[in-house]
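Hello,

Here is the structure for you to look over. My notes follow below it.

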Amino acid sequence: MKKSIFLIILVLASSGLLAQLTGPANQNPRLNNRNINRNFPQHRPSFSIGLSAMEPLRMFAENYDGTPFGIAAQVEFPTGRFFPIEFGGDFAWYSRGGERSDIDIYEGEDAFGNEFYSEGTIKVRSNIYSYAGFARLNPVPGPFQIYGDLILGVQNFSTNTTIESNDNLTEPTRERAHRGFSLMTGWAAGVKVRISQNTFIEARFA
């Protein structure tokens, strides 16, 4: 008799549990999605922008003394809501600095055949432009994220000169003195910390 009573109580308890799991509340797709979103953070597209600095190494450091500084921007797209792989693109601009010097600009000859010059300046500016794609491993897309990247791209090294006359006798002339490209491969690691619902603070080393 005791076994029968215990069996009946067990069946009733199981039926109540089954009703809770399959009842209307759990059959509501919106409620299910809300619970999933609350318990399992999803990967979402994101955009990053910030300051960036570059440390020259090896042959670059042998031929350049300085620290290029600029701005970098990234955009990332997930491959799935719960899949930890993301793909994205990276653009960065760095200034390598420049120089400015006073010069004499040849303006031509006067009526007596004498050459005459005007005072002016020459400015030299060098920049680095970086274009890259990356694959990112981002295991946990929560309020604190640690990720790693594999990078493939190119860098454009550009130097431009501008000549200006101080008395505006001639129009300023600008020309590209040098332009070169370099293949870029490597890796990166970063940390993101959420400070509001849609805003993170990020630090990245590449």
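Arg 204 and Asp 149 form a salt bridge, with the closest N and O atoms 3.1 Å apart. (A salt bridge here is a side-chain nitrogen of Lys or Arg within 4 Å of a carboxyl oxygen of Asp or Glu.) The two sit 55 residues apart, Arg 204 in strand β7 (residues 199-205) and Asp 149 in strand β5. Strands are DSSP runs of E, at least two residues, and helices are runs of H or I, at least four, numbered from the N terminus.

Please note that this is a predicted model: local features need pLDDT of at least 70, side-chain atom pairs count only at pLDDT 80 or more, and totals for chains, interfaces and linings use all residues. Residues are numbered from 1 along each chain as its sequence is written, and side-chain values use heavy atoms, without hydrogens and water.

Asp 149 also forms a salt bridge with Arg 136, at 2.7 Å between the closest N and O atoms. Arg 136 is in strand β4 and Asp 149 in strand β5, so this pair ties together parts 13 residues apart in sequence.

Arg 136 is buried at 1% relative accessible area. Asp 149 is buried at 3%. Arg 204 is partly exposed at 29%. (Buried means under 20% relative accessible area, exposed over 50%, partly exposed in between; 1.4 Å probe, protein chains only.)

These three belong to a salt-bridge network that also includes Glu 76, Asp 90 and Lys 192. The total count is six salt bridges.

Overall, the chain has three helices and seven strands. Of its 206 residues, 26% count as buried.

Best wishes
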